[in-house]
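Visitor: I'm new to this one, and I'd like to learn how to read its features. Could you walk me through them?

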Amino acid sequence: KRFDEFITPQDAERVNALDRKLLASPMVQETVEVVEVEGRGQRIFQFVRAPIFGADDIVDYIMSSASDITVERARTDELRLASKVFETTADGIMLSDSDDRVIMINAAFSKLTGFGAAEVLGRTVSESPFRAIDPLAYAARMEQLLRDGVVTGEVSRIAKDSTTLSLWLTATCVRDADGYIVNYVRVFSDISLLYTTQQQLEHLASFDPLTGLPNRLLLQ
């Protein structure tokens, strides 16, 4: 059948225009289009059309294939969005594999800690230059992380310039369909200013601002 015998005249003319273009320049055509499918709504299709030549090098047939890539396109969009969030968030993010070897950090991590990708990638978190100061506390957090799948808390780390950072850590496990850990995600939020402000407020509440001597509240 001709296309105009089983699709709308508008779609048939669009296909015929593609045929004329392909016959004028016999090359593979590849397009991505949104198509309204009855009962399924709008779907995204990838169309590939190719000429099939006869013995006299004249196009005898046009082969067409259509693939529904709606799900793949949605996943690609989700990954693109996740990548955008990963790179633009103000918190430092460290991603490691199942062996807890660092495989990715974002720009905020380098800005916060001073360590670039070359200095941490490929190393386990416990052996990286941004490792925990207290090994016992780190072991306890890892035990909780493996047990509960998530752990949060205030931690201290040494930046590249040797300054001590006060950070709020949120660590989570990413598991596959079988329940095995495939990744660890650690998010570091800088709370140094908050910690300093808290100390200042505690000092103001307990000491006289003029003399610096303990006040009645602290005495009581």
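Visitor: How much space lies in the largest pocket?

Guide: Rolling a probe the size of a water molecule over the atoms shows where empty space is left. In this predicted model, the largest pocket holds about 390 Å³ of space. On a 1 Å grid over the protein atoms alone, a pocket is an open set of points with protein on both sides within 12 Å along at least five of seven lines; a cavity is a set of points where a 1.4 Å probe fits but cannot get out; and lining residues have an atom within 4 Å of a point. Volume is the space filled by probe spheres set on the points, with grid points joined across faces, edges and corners.

Visitor: In what order do E1, E2 and E3 sit in their sheet?

Guide: Strands of a sheet pair through backbone hydrogen bonds, either parallel or antiparallel. Here the open sheet runs E1-E2-E3, with antiparallel pairing (two strands pair if DSSP finds at least two bridges between them). E1 (29–37) and E3 (59–68) are the edge strands, each pairing on one side only. E2 (residues 41–53) and E3 share nine bridges, and Ala50 has Met63 in E3 as its bridge partner. Helix H1 (residues 9–24) packs on this sheet, touching E1, E2 and E3, and its direction makes about 30 degrees with that of E2. Helix H2 (residues 70–88) touches E1, E2 and E3 too, at about 115 degrees to E2. Contact means heavy atoms within 4.5 Å, while axes are lines fitted to C-alpha atoms, for helices over the stretch in contact, and angles run from 0 to 180 degrees between N-to-C directions.

Visitor: What is the order of the sheet of five strands?

Guide: This open sheet reads E5-E4-E8-E7-E6, with antiparallel pairing. E5 (102–105) and E6 each have a single partner strand, so one side of each is left without a neighbour in the sheet. Val185 in E8 stands opposite Leu95 and is also the bridge partner of Thr172. Five residues lie between the strands in the hairpin of E7 and E8, where Gly179 takes a positive phi near 90 degrees.

Visitor: Which helix lies across E6, E7 and E8?

Guide: H5 does, running at about 155 degrees to E6. The largest cavity, about 70 Å³, draws at least two lining residues from each of H5 (135–148), E6 (150–158), E7 (164–175) and E8 (181–190). H5 gives the largest share, four residues. Arg157, one of the lining residues, stands opposite Leu165 in E7.

Visitor: What should I know about the numbering and the model?

Guide: Residues are numbered from 1 along each chain as its sequence is written. In this predicted model, local features need pLDDT of at least 70, side-chain atom pairs count only at pLDDT 80 or more, and totals for chains, interfaces and linings use all residues, while side-chain values use heavy atoms, leaving out hydrogens and water.
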